[in-house]
Amino acid sequence: MKKIIALVTALALAFSAMISVPPVQAASSNTASNLTYKEVAGGFYFVGYEDVKLEKGKTYAYTIQYKANALNESGKVISGQSANYGLFEPNSSGAQLNTAIVTSQNGSDVAMPGNDTFQHKIAFVAKEDGVADIGVYLFPGSVLPTTPDETVIWLSASVNGGEIPSSNVAPVINASDKEIQVGDQFDPLKDVTATDQEDGDITSKIIVAKNDVDTSKPGVYDVSYSVTDSENLTTTKDIKVTVKENPVNTAPTIQAEDRTIGLNANFDPLENVTATDKEDGDLTSKLVVTQNEVDSSKAGNYKVSYKVTDSAGLTAEKTITVTVLAAENEAPVINASDKTIKVGDKFDPKADVTATDKEDGDLTSKIEVVKNEVDTSKAGSYKVTYQVIDSAGIQTEKTIIVTVEKGTIDLVIDGDATISGKISNDGATKDSTNKETVQAKSDTKKIPKTGDTVSIWLVFAGALLVTGASIAIYRRKSAHK
Ligand SMILES: [Ca+2]
Ligand SMILES: [Ca+2]
Ligand SMILES: [Ca+2]
(Lines give C-alpha, C1' and ligand atoms only; values in the text may rest on other atoms or scores of the structure.)
(Ligands and ions follow the chains in the order given, each with its own letter.)
Protein backbone atom coordinates (compact mmCIF):
# COMPACT_ATOMS: atom_id res chain seq x y z
CA MET A 1 0.00 0.00 0.00
CA LYS A 2 2.59 2.48 1.01
CA LYS A 3 4.39 4.57 -1.51
CA ILE A 4 7.38 6.73 -0.92
CA ILE A 5 7.13 9.92 -2.80
CA ALA A 6 10.17 10.67 -4.86
CA LEU A 7 10.03 14.22 -3.63
CA VAL A 8 12.18 12.88 -0.84
CA THR A 9 14.82 12.21 -3.38
CA ALA A 10 14.26 15.40 -5.31
CA LEU A 11 13.72 17.98 -2.57
CA ALA A 12 15.02 16.59 0.69
CA LEU A 13 18.24 15.59 -0.95
CA ALA A 14 18.54 19.13 -2.21
CA PHE A 15 18.11 20.34 1.36
CA SER A 16 20.59 17.87 2.65
CA ALA A 17 23.16 19.56 0.51
CA MET A 18 22.60 22.71 2.57
CA ILE A 19 21.89 21.20 5.97
CA SER A 20 23.49 18.18 7.50
CA VAL A 21 20.82 15.47 7.55
CA PRO A 22 20.89 11.71 7.93
CA PRO A 23 20.83 9.61 4.79
CA VAL A 24 17.49 9.67 3.07
CA GLN A 25 16.06 6.25 2.72
CA ALA A 26 13.36 6.42 0.12
CA ALA A 27 12.62 4.00 -2.63
CA SER A 28 9.85 5.50 -4.73
CA SER A 29 10.36 7.12 -8.09
CA ASN A 30 7.32 9.36 -7.72
CA THR A 31 7.70 13.06 -7.22
CA ALA A 32 5.63 15.55 -5.35
CA SER A 33 5.01 17.43 -8.51
CA ASN A 34 3.26 14.53 -10.06
CA LEU A 35 1.42 13.27 -6.91
CA THR A 36 -2.20 13.68 -7.97
CA TYR A 37 -5.54 13.52 -6.26
CA LYS A 38 -6.26 10.36 -8.14
CA GLU A 39 -3.21 8.67 -6.61
CA VAL A 40 -3.98 9.77 -3.11
CA ALA A 41 -7.53 8.53 -3.40
CA GLY A 42 -6.10 5.09 -4.14
CA GLY A 43 -3.46 4.66 -1.37
CA PHE A 44 -1.12 5.99 1.30
CA TYR A 45 1.51 8.57 0.39
CA PHE A 46 4.44 9.56 2.49
CA VAL A 47 7.07 12.21 2.00
CA GLY A 48 10.07 12.14 4.29
CA TYR A 49 12.88 10.00 5.66
CA GLU A 50 12.23 6.32 5.91
CA ASP A 51 13.84 3.92 8.39
CA VAL A 52 15.76 6.57 10.33
CA LYS A 53 17.89 4.93 13.07
CA LEU A 54 17.34 6.50 16.48
CA GLU A 55 19.98 6.16 19.20
CA LYS A 56 19.00 6.12 22.85
CA GLY A 57 19.61 9.39 24.66
CA LYS A 58 20.16 11.49 21.54
CA THR A 59 18.12 14.51 20.55
CA TYR A 60 16.66 14.92 17.08
CA ALA A 61 14.92 17.85 15.40
CA TYR A 62 13.19 18.01 12.02
CA THR A 63 11.39 20.61 10.01
CA ILE A 64 8.60 19.44 7.74
CA GLN A 65 7.20 21.89 5.21
CA TYR A 66 4.83 21.64 2.32
CA LYS A 67 2.70 23.93 0.18
CA ALA A 68 -0.69 22.61 -0.69
CA ASN A 69 -2.03 23.20 -4.19
CA ALA A 70 -5.06 25.11 -2.92
CA LEU A 71 -6.14 26.26 -6.37
CA ASN A 72 -6.22 23.88 -9.25
CA GLU A 73 -5.13 24.74 -12.68
CA SER A 74 -8.62 25.28 -13.97
CA GLY A 75 -9.41 27.86 -11.29
CA LYS A 76 -11.48 25.59 -9.10
CA VAL A 77 -10.91 25.91 -5.42
CA ILE A 78 -9.69 22.86 -3.48
CA SER A 79 -11.81 23.17 -0.41
CA GLY A 80 -10.18 20.62 1.86
CA GLN A 81 -7.13 18.45 2.44
CA SER A 82 -5.75 16.84 5.57
CA ALA A 83 -2.19 15.60 6.15
CA ASN A 84 -0.37 14.14 9.11
CA TYR A 85 3.23 14.98 9.96
CA GLY A 86 5.67 13.61 12.50
CA LEU A 87 7.07 10.21 13.47
CA PHE A 88 5.57 7.04 12.16
CA GLU A 89 6.24 3.43 12.59
CA PRO A 90 8.54 2.21 9.81
CA ASN A 91 6.70 1.06 6.70
CA SER A 92 3.34 1.58 8.36
CA SER A 93 0.25 3.17 6.90
CA GLY A 94 0.52 6.23 9.06
CA ALA A 95 0.60 4.61 12.54
CA GLN A 96 2.27 6.94 15.01
CA LEU A 97 5.50 5.83 16.57
CA ASN A 98 5.31 4.22 20.01
CA THR A 99 5.92 6.91 22.61
CA ALA A 100 8.01 4.46 24.58
CA ILE A 101 10.65 5.07 21.94
CA VAL A 102 10.38 8.83 21.46
CA THR A 103 9.18 11.78 23.47
CA SER A 104 6.99 13.56 20.92
CA GLN A 105 3.49 13.17 19.55
CA ASN A 106 2.39 13.55 15.97
CA GLY A 107 -0.02 16.18 14.84
CA SER A 108 -2.22 16.89 11.83
CA ASP A 109 -3.25 19.80 9.72
CA VAL A 110 -6.02 20.69 7.38
CA ALA A 111 -5.19 22.86 4.40
CA MET A 112 -7.64 25.65 3.74
CA PRO A 113 -7.89 28.05 0.79
CA GLY A 114 -5.59 31.01 1.33
CA ASN A 115 -3.64 29.13 4.00
CA ASP A 116 -1.73 26.70 1.90
CA THR A 117 1.80 26.65 3.33
CA PHE A 118 2.53 24.47 6.37
CA GLN A 119 5.68 24.24 8.42
CA HIS A 120 6.09 21.91 11.40
CA LYS A 121 9.02 21.53 13.72
CA ILE A 122 9.31 18.37 15.73
CA ALA A 123 11.99 17.64 18.29
CA PHE A 124 12.37 14.58 20.49
CA VAL A 125 14.78 12.47 22.48
CA ALA A 126 15.05 8.79 21.66
CA LYS A 127 14.21 6.86 24.81
CA GLU A 128 15.44 3.65 23.29
CA ASP A 129 17.34 2.57 20.22
CA GLY A 130 14.77 2.35 17.44
CA VAL A 131 13.70 3.07 13.88
CA ALA A 132 11.18 5.62 12.61
CA ASP A 133 9.78 7.13 9.44
CA ILE A 134 9.82 10.91 9.68
CA GLY A 135 7.76 13.13 7.39
CA VAL A 136 4.23 13.91 6.26
CA TYR A 137 1.67 11.61 4.76
CA LEU A 138 -1.66 11.55 3.06
CA PHE A 139 -4.07 8.69 3.14
CA PRO A 140 -7.18 7.81 1.15
CA GLY A 141 -9.97 10.18 2.03
CA SER A 142 -7.65 12.99 3.06
CA VAL A 143 -8.66 14.94 -0.04
CA LEU A 144 -12.13 15.85 -1.37
CA PRO A 145 -13.48 13.34 -3.75
CA THR A 146 -14.79 16.16 -5.95
CA THR A 147 -11.31 17.36 -6.78
CA PRO A 148 -10.33 16.60 -10.37
CA ASP A 149 -8.18 13.46 -10.52
CA GLU A 150 -5.25 15.01 -12.31
CA THR A 151 -4.81 17.90 -9.87
CA VAL A 152 -1.33 18.03 -8.37
CA ILE A 153 -1.60 17.98 -4.54
CA TRP A 154 1.59 19.67 -3.31
CA LEU A 155 3.43 22.38 -5.06
CA SER A 156 6.42 21.71 -2.80
CA ALA A 157 7.26 19.44 0.12
CA SER A 158 10.40 18.97 2.17
CA VAL A 159 11.64 17.28 5.33
CA ASN A 160 15.00 18.07 6.82
CA GLY A 161 16.84 17.87 10.12
CA GLY A 162 18.44 15.10 12.14
CA GLU A 163 20.44 14.48 15.27
CA ILE A 164 21.36 17.60 17.25
CA PRO A 165 24.88 17.44 18.61
CA SER A 166 24.51 17.76 22.38
CA SER A 167 26.45 20.24 24.44
CA ASN A 168 25.59 18.22 27.52
CA VAL A 169 28.61 16.72 29.25
CA ALA A 170 28.46 13.13 30.41
CA PRO A 171 28.49 12.53 34.17
CA VAL A 172 31.58 11.16 35.92
CA ILE A 173 31.62 8.26 38.36
CA ASN A 174 34.35 8.38 40.97
CA ALA A 175 35.13 4.81 42.01
CA SER A 176 38.39 2.97 42.31
CA ASP A 177 39.58 -0.59 42.76
CA LYS A 178 39.33 -1.88 46.31
CA GLU A 179 40.96 -4.42 48.55
CA ILE A 180 39.08 -6.01 51.42
CA GLN A 181 39.55 -9.08 53.56
CA VAL A 182 37.53 -12.25 53.76
CA GLY A 183 34.62 -11.66 56.10
CA ASP A 184 34.63 -7.88 55.71
CA GLN A 185 31.38 -6.12 54.94
CA PHE A 186 31.23 -4.83 51.37
CA ASP A 187 28.98 -1.93 50.52
CA PRO A 188 29.42 -1.31 46.79
CA LEU A 189 28.22 2.29 47.10
CA LYS A 190 30.60 3.23 49.90
CA ASP A 191 33.06 5.94 48.81
CA VAL A 192 31.55 6.02 45.32
CA THR A 193 30.34 9.37 44.04
CA ALA A 194 29.06 10.83 40.77
CA THR A 195 29.21 14.37 39.52
CA ASP A 196 27.83 16.03 36.44
CA GLN A 197 28.87 19.32 34.96
CA GLU A 198 25.26 20.41 34.47
CA ASP A 199 23.54 18.62 37.38
CA GLY A 200 26.20 18.74 40.11
CA ASP A 201 26.31 15.90 42.62
CA ILE A 202 24.26 12.99 41.31
CA THR A 203 25.68 10.36 43.67
CA SER A 204 22.15 9.41 44.72
CA LYS A 205 21.43 8.36 41.13
CA ILE A 206 24.23 5.81 40.96
CA ILE A 207 23.01 2.34 40.10
CA VAL A 208 25.04 -0.75 40.93
CA ALA A 209 24.67 -2.55 37.63
CA LYS A 210 26.81 -5.51 38.65
CA ASN A 211 28.23 -6.76 41.94
CA ASP A 212 29.85 -10.18 41.95
CA VAL A 213 31.68 -9.69 45.23
CA ASP A 214 31.63 -12.71 47.53
CA THR A 215 33.31 -11.69 50.77
CA SER A 216 33.42 -15.29 51.94
CA LYS A 217 35.97 -16.28 49.30
CA PRO A 218 39.28 -14.75 48.32
CA GLY A 219 39.28 -13.56 44.71
CA VAL A 220 39.01 -10.65 42.32
CA TYR A 221 35.48 -9.53 41.56
CA ASP A 222 33.83 -7.09 39.18
CA VAL A 223 31.55 -4.28 40.25
CA SER A 224 29.89 -1.99 37.70
CA TYR A 225 28.17 1.31 38.23
CA SER A 226 26.03 3.46 35.99
CA VAL A 227 24.55 6.90 36.38
CA THR A 228 22.30 8.93 34.09
CA ASP A 229 22.12 12.70 34.08
CA SER A 230 19.01 14.83 33.66
CA GLU A 231 19.54 14.87 29.89
CA ASN A 232 19.47 11.13 29.75
CA LEU A 233 23.20 10.78 29.20
CA THR A 234 24.57 7.66 30.88
CA THR A 235 28.08 6.88 32.13
CA THR A 236 29.26 3.49 33.33
CA LYS A 237 32.31 2.50 35.35
CA ASP A 238 33.78 -0.87 36.28
CA ILE A 239 36.07 -1.58 39.22
CA LYS A 240 37.84 -4.65 40.58
CA VAL A 241 37.35 -5.66 44.17
CA THR A 242 40.00 -7.95 45.56
CA VAL A 243 38.97 -10.07 48.54
CA LYS A 244 42.11 -11.14 50.36
CA GLU A 245 42.72 -14.00 52.73
CA ASN A 246 42.71 -12.91 56.34
CA PRO A 247 46.09 -12.65 57.99
CA VAL A 248 46.31 -15.07 60.90
CA ASN A 249 45.18 -13.26 64.00
CA THR A 250 46.84 -14.04 67.30
CA ALA A 251 44.88 -14.32 70.51
CA PRO A 252 45.58 -11.73 73.20
CA THR A 253 47.30 -12.66 76.45
CA ILE A 254 46.57 -11.70 80.04
CA GLN A 255 49.41 -11.02 82.46
CA ALA A 256 48.21 -11.82 85.97
CA GLU A 257 49.99 -13.59 88.84
CA ASP A 258 48.70 -15.40 91.89
CA ARG A 259 48.59 -13.03 94.83
CA THR A 260 48.84 -13.16 98.60
CA ILE A 261 47.19 -10.52 100.71
CA GLY A 262 46.84 -9.97 104.40
CA LEU A 263 43.65 -10.28 106.34
CA ASN A 264 41.31 -7.34 105.73
CA ALA A 265 43.56 -5.93 103.02
CA ASN A 266 41.95 -3.96 100.25
CA PHE A 267 41.85 -6.09 97.13
CA ASP A 268 41.67 -4.53 93.66
CA PRO A 269 41.42 -7.40 91.18
CA LEU A 270 42.77 -5.26 88.30
CA GLU A 271 45.85 -4.05 90.14
CA ASN A 272 49.01 -5.09 88.27
CA VAL A 273 46.97 -7.05 85.71
CA THR A 274 47.58 -6.22 82.04
CA ALA A 275 46.53 -7.57 78.65
CA THR A 276 48.40 -7.36 75.37
CA ASP A 277 47.72 -8.38 71.81
CA LYS A 278 50.09 -8.77 68.91
CA GLU A 279 47.81 -6.89 66.52
CA ASP A 280 46.07 -4.45 68.88
CA GLY A 281 48.85 -3.70 71.36
CA ASP A 282 47.83 -2.85 74.92
CA LEU A 283 44.36 -4.19 75.71
CA THR A 284 44.48 -3.61 79.49
CA SER A 285 41.56 -1.21 79.29
CA LYS A 286 39.41 -3.99 77.81
CA LEU A 287 40.05 -6.44 80.64
CA VAL A 288 36.92 -7.80 82.23
CA VAL A 289 36.83 -9.48 85.66
CA THR A 290 34.51 -12.43 85.08
CA GLN A 291 34.85 -13.92 88.55
CA ASN A 292 36.03 -12.53 91.87
CA GLU A 293 35.42 -14.66 94.95
CA VAL A 294 37.88 -12.85 97.17
CA ASP A 295 36.67 -12.20 100.73
CA SER A 296 39.60 -10.60 102.48
CA SER A 297 37.89 -10.82 105.84
CA LYS A 298 38.40 -14.60 105.85
CA ALA A 299 41.67 -16.43 105.37
CA GLY A 300 41.62 -18.80 102.40
CA ASN A 301 42.27 -19.32 98.70
CA TYR A 302 40.03 -17.59 96.20
CA LYS A 303 39.69 -17.59 92.41
CA VAL A 304 39.74 -14.45 90.29
CA SER A 305 39.12 -14.77 86.54
CA TYR A 306 39.80 -12.34 83.73
CA LYS A 307 38.75 -12.16 80.12
CA VAL A 308 39.81 -9.95 77.21
CA THR A 309 38.78 -9.91 73.56
CA ASP A 310 40.82 -8.47 70.70
CA SER A 311 39.49 -6.43 67.79
CA ALA A 312 39.18 -9.54 65.66
CA GLY A 313 37.08 -11.32 68.24
CA LEU A 314 39.67 -13.66 69.72
CA THR A 315 39.44 -14.08 73.47
CA ALA A 316 41.86 -14.90 76.26
CA GLU A 317 40.92 -15.98 79.75
CA LYS A 318 43.00 -16.39 82.88
CA THR A 319 42.27 -17.39 86.43
CA ILE A 320 44.53 -16.66 89.38
CA THR A 321 44.47 -17.73 93.00
CA VAL A 322 44.37 -15.07 95.68
CA THR A 323 45.46 -16.25 99.12
CA VAL A 324 44.15 -14.31 102.08
CA LEU A 325 46.51 -14.85 105.00
CA ALA A 326 45.29 -15.59 108.50
CA ALA A 327 47.11 -12.52 109.79
CA GLU A 328 47.11 -8.98 108.62
CA ASN A 329 49.96 -8.09 106.37
CA GLU A 330 52.91 -6.56 108.14
CA ALA A 331 54.69 -3.47 106.91
CA PRO A 332 58.20 -3.95 105.58
CA VAL A 333 61.17 -2.80 107.67
CA ILE A 334 64.02 -0.61 106.44
CA ASN A 335 67.35 -1.22 108.13
CA ALA A 336 69.33 2.01 107.92
CA SER A 337 71.14 4.05 110.58
CA ASP A 338 72.69 7.48 110.94
CA LYS A 339 76.14 7.92 109.45
CA THR A 340 79.14 10.15 109.87
CA ILE A 341 81.51 10.81 106.99
CA LYS A 342 84.27 13.28 106.19
CA VAL A 343 84.19 16.16 103.79
CA GLY A 344 85.22 14.82 100.40
CA ASP A 345 84.22 11.24 101.14
CA LYS A 346 82.10 9.47 98.61
CA PHE A 347 78.52 8.91 99.80
CA ASP A 348 76.41 6.05 98.47
CA PRO A 349 72.97 6.38 100.06
CA LYS A 350 72.14 2.72 99.44
CA ALA A 351 75.29 1.32 101.00
CA ASP A 352 74.54 -0.86 104.03
CA VAL A 353 70.78 -0.24 103.74
CA THR A 354 68.46 -3.25 103.57
CA ALA A 355 64.73 -3.94 103.73
CA THR A 356 62.86 -7.02 104.89
CA ASP A 357 59.22 -7.96 104.95
CA LYS A 358 57.52 -10.71 106.89
CA GLU A 359 55.52 -11.90 103.91
CA ASP A 360 57.85 -11.00 101.05
CA GLY A 361 61.26 -11.63 102.60
CA ASP A 362 64.16 -9.52 101.37
CA LEU A 363 62.93 -6.31 99.75
CA THR A 364 66.33 -4.56 99.57
CA SER A 365 66.11 -4.37 95.79
CA LYS A 366 62.85 -2.39 96.05
CA ILE A 367 64.26 0.35 98.27
CA GLU A 368 63.88 3.79 96.81
CA VAL A 369 65.81 6.85 97.94
CA VAL A 370 63.10 9.49 98.00
CA LYS A 371 65.24 12.25 99.54
CA ASN A 372 69.03 12.77 99.67
CA GLU A 373 70.30 16.18 100.80
CA VAL A 374 73.87 15.11 101.43
CA ASP A 375 76.55 17.54 100.19
CA THR A 376 79.94 15.99 100.81
CA SER A 377 81.74 19.22 99.98
CA LYS A 378 80.40 20.96 103.08
CA ALA A 379 80.37 19.95 106.67
CA GLY A 380 76.89 19.65 108.11
CA SER A 381 73.96 17.39 108.96
CA TYR A 382 71.83 16.06 106.14
CA LYS A 383 68.73 13.96 105.81
CA VAL A 384 68.34 10.88 103.65
CA THR A 385 64.91 9.24 103.32
CA TYR A 386 64.18 5.73 102.09
CA GLN A 387 60.96 4.12 101.06
CA VAL A 388 59.91 0.55 100.31
CA ILE A 389 56.53 -0.97 99.41
CA ASP A 390 55.69 -4.63 99.93
CA SER A 391 53.64 -6.82 97.60
CA ALA A 392 50.49 -5.96 99.54
CA GLY A 393 51.06 -2.27 98.89
CA ILE A 394 52.11 -1.41 102.43
CA GLN A 395 54.69 1.34 102.49
CA THR A 396 57.45 2.07 104.96
CA GLU A 397 59.64 5.17 105.12
CA LYS A 398 62.79 5.79 107.10
CA THR A 399 64.97 8.88 107.41
CA ILE A 400 68.56 8.92 108.64
CA ILE A 401 70.93 11.78 109.47
CA VAL A 402 74.24 11.88 107.66
CA THR A 403 76.82 14.06 109.38
CA VAL A 404 79.63 15.38 107.21
CA GLU A 405 82.64 16.37 109.35
CA LYS A 406 85.47 18.82 108.69
CA GLY A 407 88.75 17.55 107.31
CA THR A 408 91.59 16.63 109.76
CA ILE A 409 95.31 15.95 109.49
CA ASP A 410 96.96 13.02 111.15
CA LEU A 411 100.68 13.58 111.45
CA VAL A 412 103.29 11.10 112.47
CA ILE A 413 106.88 12.09 113.09
CA ASP A 414 108.77 9.65 110.94
CA GLY A 415 112.44 9.26 111.73
CA ASP A 416 114.78 11.94 112.66
CA ALA A 417 113.55 14.89 110.72
CA THR A 418 110.55 13.89 108.73
CA ILE A 419 106.87 14.45 109.41
CA SER A 420 104.52 12.67 107.05
CA GLY A 421 100.81 13.22 107.03
CA LYS A 422 97.50 12.88 105.28
CA ILE A 423 95.18 15.76 104.68
CA SER A 424 91.47 15.50 104.40
CA ASN A 425 90.17 18.44 102.52
CA ASP A 426 87.79 20.83 104.19
CA GLY A 427 86.94 24.08 102.45
CA ALA A 428 86.02 25.64 105.74
CA THR A 429 89.68 25.75 106.78
CA LYS A 430 90.88 27.75 103.83
CA ASP A 431 90.89 30.80 105.98
CA SER A 432 94.58 31.30 106.75
CA THR A 433 93.79 32.66 110.19
CA ASN A 434 92.46 29.27 111.12
CA LYS A 435 95.77 27.95 112.33
CA GLU A 436 96.02 24.22 112.68
CA THR A 437 98.42 22.79 115.20
CA VAL A 438 99.55 19.28 115.66
CA GLN A 439 100.67 17.76 118.88
CA ALA A 440 103.65 15.50 118.40
CA LYS A 441 102.91 12.08 119.75
CA SER A 442 104.75 11.09 122.89
CA ASP A 443 105.69 7.65 121.66
CA THR A 444 107.81 9.18 118.98
CA LYS A 445 111.36 9.13 120.29
CA LYS A 446 112.76 11.39 117.66
CA ILE A 447 110.72 14.34 118.65
CA PRO A 448 112.63 17.53 118.01
CA LYS A 449 114.09 19.27 121.03
CA THR A 450 113.47 22.68 119.65
CA GLY A 451 109.80 22.48 120.54
CA ASP A 452 106.93 20.07 120.96
CA THR A 453 104.58 21.69 118.60
CA VAL A 454 104.99 22.14 114.90
CA SER A 455 103.18 24.90 113.26
CA ILE A 456 102.29 23.70 109.82
CA TRP A 457 99.43 25.95 108.91
CA LEU A 458 101.23 27.55 105.98
CA VAL A 459 101.94 24.19 104.42
CA PHE A 460 98.45 23.07 105.20
CA ALA A 461 96.86 26.08 103.54
CA GLY A 462 98.80 25.34 100.38
CA ALA A 463 97.63 21.77 100.26
CA LEU A 464 94.04 22.31 101.20
CA LEU A 465 92.67 21.76 97.76
CA VAL A 466 94.23 18.34 97.49
CA THR A 467 92.01 15.68 98.90
CA GLY A 468 93.83 12.83 100.52
CA ALA A 469 97.23 14.18 99.47
CA SER A 470 100.21 12.97 101.31
CA ILE A 471 102.74 15.54 102.31
CA ALA A 472 106.09 15.30 103.99
CA ILE A 473 107.51 18.03 106.07
CA TYR A 474 111.27 18.15 106.50
CA ARG A 475 112.76 19.99 109.39
CA ARG A 476 115.90 21.87 108.83
CA LYS A 477 118.87 19.90 110.05
CA SER A 478 120.26 22.88 111.85
CA ALA A 479 117.18 23.12 113.95
CA HIS A 480 117.32 19.39 114.64
CA LYS A 481 120.82 19.52 116.15
CA1 LIG B 1 25.42 16.29 32.00
CA1 LIG C 1 44.93 -10.32 68.01
CA1 LIG D 1 54.28 -7.29 104.30
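This is a predicted model: local features need pLDDT of at least 70, side-chain atom pairs count only at pLDDT 80 or more; totals for chains, interfaces and linings use all residues.
Glutamate 368 stands opposite glutamine 387 of strand 28. Strand 27 covers residues 368–372, and strand 28 covers residues 380–389. The two pair in the antiparallel sense, over four bridges.

Now turn to strand 29, residues 395–405. Strand 28 and strand 29 also run antiparallel, joined by ten bridges. One facing pair here is valine 388 with threonine 396 of strand 29. Strand 28 and strand 29 form a hairpin, with five residues between the strands. In that hairpin, glycine 393 takes a positive phi near 85 degrees. When tracing side chains, recall that in a regular strand they alternate between the two faces of the sheet.

Next comes another part of the chain. Four strands make an open sheet, in the order 10-15-14-13, with mixed pairing. Its edges are strand 10 (178–181) and strand 13 (207–211), each of which pairs on one side only. Direction ignored, neighbouring strands of this sheet are turned by 25 degrees against each other on average. Strand 10 runs parallel to strand 15, residues 234–244, and four bridges join them. Isoleucine 180 has valine 243 in strand 15 as its bridge partner.

Step back to the whole protein chain. The secondary structure comes to four helices and 34 strands. The chain has 481 residues, and 25% of them count as buried. How far apart in sequence are the residues that contacts join? Among contacts between residues at least 6 apart, 65% join residues at least 24 apart.

Technical notes
Residues are numbered from 1 along each chain as its sequence is written. Chains are lettered from A and ligands numbered from 1 in the order in which they are written. A residue is buried if 20 or more other C-beta atoms lie within 10 Å of its own, exposed if 12 or fewer, and partly exposed in between; C-beta atoms are placed from the backbone. Two residues are in contact if their C-beta atoms, placed from the backbone, lie within 7 Å. Two strands pair if DSSP finds at least two bridges between them. Axes are lines fitted to C-alpha atoms, for helices over the stretch in contact, and angles run from 0 to 180 degrees between N-to-C directions.
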